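Subject: Structure handover

Hi,

Here is the structure I promised to pass on.

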Amino acid sequence: MTQPAPSAQHHGPEKGTVPGPAAAPPSKQGGGPRALGLRVDVRNLSLLGVLAVLIAVGGITEPDAFLDTGNLQLILTQSSVIGVVTVGVTFVIISGGIDLSVGAMVALASVWATTLATQEYGFAGILFTAVVVGLAAGLVNGLLISYGGMVPFIATLAMLASARGLALQITDGKTQIVTVQSVLDLGLPDSYVLGIPPLVLVFAAVTVAGWLILNRTTFGRRTVAVGGNAEAARLAGIDVRRQRLYLYLLSGLCCGIAAFMLVILSGSGQNTNGNLYELDAIAAAIIGGTLLSGGRGTIVGSVLGVLVFTTITNIFALNNLQSDVQQIAKGAIIVAAVLVQRRTLRGGET
Amino acid sequence: MAPEPPLLTMSGITKSFPGVRALDGVDLEVVAGEVHCLLGQNGAGKSTLIKVLAGAHQPDGGTITWGGEPVRLTSPITAMRLGIATIYQELDLVEGLSVAENVFLGHEPTSAGFVVRTREARTRAAALLRRLGHPEIDPARPVGDLSAAHQQIVSMARALSHDVRLIVMDEPSAALDPDEVDNLFRIVDGLTADGVAVVYISHRLEEIRRIGDRVTVLKDGRAVAVGLPAKSTPTRDVVALMTGRNVEYVFPERPEPGARVGAEPVLKVEGLTRKGEFEPVDLELRPGEIVGLAGLVGSGRSEILETVYGARRPTAGRVLVDGAPLRVGSVRAAVAAGIGLAPEERKAQALLLTESVTRNVSVSSLSRFARAGWLDRGAERDAARTATRELSLRPDNPDAAVRTLSGGNQQKAVLARWLLRGCRVLLLDEPTRGVDVGARAELYAVIRRLADEGLAVLLVSSEVPEVLGLADRVLVLREGRVVHSADARELDEHRVLDLVMEGSPTS
């Protein structure tokens, strides 16, 4: 709290909204959010540390292959699809819910967006279909949970099963090749902006939007309130059911966007797309510090969680380690991250 | 009290949590067969002390001797094996299991080590329940079906199912009606007659007078008085020890009766009914008026408030604000019309405990600080702070987590929420529950001042003096029915208690 004056002045723009009768209170108020921001940073610091260690390991074991620009682009690109899904899932988990259907929604949206009929409408048709299918599936989840009174675990488990089934029915198990060139172009190096693949830009945009929504809007505040204490939120006059509906819609929207990204990335739509995304997304959110019981979580933490997992996968692949070893390492990291968080949380408790 | 060596001696017990020194060298001495009362305000260290005694917390320093032997209570099981049982305020029963299963949870009578002998468990549970004066509780029933009072009996039966020599009871009377309290005291008498020691925690001094032998008073993690005689120490002295100053319940001055008669009622309740909970209720609330609902637990007080608020759907009747009927069963409609509720279970029903004061205060008014959903956090913070300052909420730090506030200040955070919202009708359900004696007077003054500023207040409290001291008008409830309605000045505690129990208005 005892910030030196100069650092408090960094928050000059914020002070503009404060009438500030006296000189002293505004500078004190500048210290509050700053202290809060620092605390959040500390929470994510351990993940940044893990990421740094991983990059060091990658750089040492496979210096040429790992630090190659193409490989770093690959890591970020691979993070993008699951990252967008994770942002949506993070909101749902913060609200005290869970969405097990994200992988299936990605699959369904990707195959629906790549049917021959859809592809006739070109780029816009594919994008539109992916987003609408994601939203529709999210709407069904939300309605079942908010107004049907179903437990999120069950409702989204049912969606997982039926969306996968529908995806299989649409494709008949076949890979649907995308022939729309403008879509495929977005996956090619020619489309990179300053060396950054468009998919990574989408991921970045979704992350920033997610952060802003969670931290700067009434929607985000209500999400945290519903997750922290749903009964208190209801008695405070918040429409808890509508809020939950919106949250599953948001998760569906993220899945629709991710499906479109996956279509660009793979140049096709398959009913096996997004396999086990639900587990990856939940795991990333959890190691990012989101409380599974709701009420607390950060977008930055979740995104770091995604990057950690993708980087591990990449390093292991470069070192010719099989996916079984990767899975074991992932499990170990989840356990370690949660144990560390429990420690730091308890330390910060009064 | 007795020459025999004490059953339990705790001396110089210290315990710190990050940032808090909860126990700062506490001494406690309990002899067999006595009721030893533990008194202290919230945060004085009572809970921490009994958790140390239960083996749930490890002390940082100090010694514990049990029957003359030094012991270390390293876990709840260790304490239980020695014969120390604790009945916590929040009962620790498994609702889905039967009474007998709860009683013997963790030490079930078994065959071959793992097959539970259900019939034996039930027989033995029934015997324990008989001993506790409640043979009517069926050992085979799920605990979730029982009333709070009966659940407490089950909790005690569990304690007695061990070979218990010391029972700690943490505010056992908090959720009980007077006749149930009488039964509780009979049980305590029976236990002490068998030589069992009881450590009894309560806020209610009159209970301590009735059943206590000795009193230990805690304040700020220290024992400020050890082993005072419970019956003869003057109340004034006990309160002075607890608070460090002389405090009486001070109620703010009331405006003259009839001062508000001319005003149009802001809230009207017409024939509001919820089958099985309360019968048709009519009431009118004028700006500036405080109306109290007096009644026992289960008389329908809280249910009425929550139904007015839309949190429960009435089976008949309606609620009008400024003459316009509210959509029934909708909290949002009630809030939009200017009704606010400070519920009974503050932590469970009102607060976002890990969130800041600002966020707790602003949660009902978020859209006021937002344009197209975008929050102006500076304005939010300033407005929340203005509201909390008006109520002198301490600490004056908008970023403090509500969890770290005292009970009285948590209540102020809830009131500030409705103040900020600009509500015109405030429903208060047990506003001083869990609030220190010292902080109550301040809360009373705040409530009266809000009323003077034009708020209409509907107050529910199980403490009759509180209703009589604070309200202008009082409705007395019995078994879901309004049995009497009068100016608060025309009633006294005795009369209200008569009405509450008998329900026979004679005037």
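Let's begin with a pair of strands (strands are DSSP E runs of at least two residues, helices H or I runs of at least four, both numbered from the N terminus). Strands β11(B) and β12(B), the latter covering residues 222–229 of chain B, pair in the antiparallel sense over 5 bridges; pairing needs at least two DSSP bridges between two strands. Val215(B) has Leu228(B) as its bridge partner in β12(B). The two strands make a hairpin with 2 residues between them, and in the turn Asp220(B) has a positive phi of about 50°.

β11(B) also runs parallel to strand β3 (residues 35–39) of chain B, joined to it by 4 bridges. Here Leu39(B) is partnered with Val217(B). Of the 6 residues of β11(B) (residues 214–219), 5 are buried, so the strand is largely enclosed by the rest of the structure. Buried means 20 or more other C-beta atoms within 10 Å of the residue's own, exposed 12 or fewer, and partly exposed in between, with C-beta atoms placed from the backbone.

A word on sourcing: this is a predicted model, where local features need pLDDT of at least 70 and side-chain atom pairs count only at pLDDT 80 or more, while totals for chains, interfaces and linings use all residues. Residues are numbered from 1 along each chain as its sequence is written, and chains are lettered from A and ligands numbered from 1 in the order in which they are written.

Now the cores (sets of buried Ala, Val, Leu, Ile, Met, Phe, Trp, Tyr and Cys joined through C-beta atoms within 7 Å). The largest nonpolar core has 174 residues, and those touching the most other members include Val85(A), Leu108(A) and Leu427(B). Helix α14 (residues 240–266) of chain A supplies the largest share of this core, 18 residues. Another core, of 69 residues, lies apart from it, with Ile13(B) and Met169(B) among its members.

UniProt's unreviewed entry lists several "transmembrane region" spans in chain A, including residues 72–93 and 245–265; such annotations may be inferred rather than shown by experiment. In the model, residues 72–93 of chain A are 100% helix, with end C-alpha atoms 29 Å apart. Residues 245–265 of chain A are also 100% helix, and their end C-alpha atoms are 30 Å apart.

Finally, confidence: chain B has a mean pLDDT (the predictor's per-residue confidence, from 0 to 100) of 87. The model scores ipTM 0.78 and pTM 0.77.

Cheers
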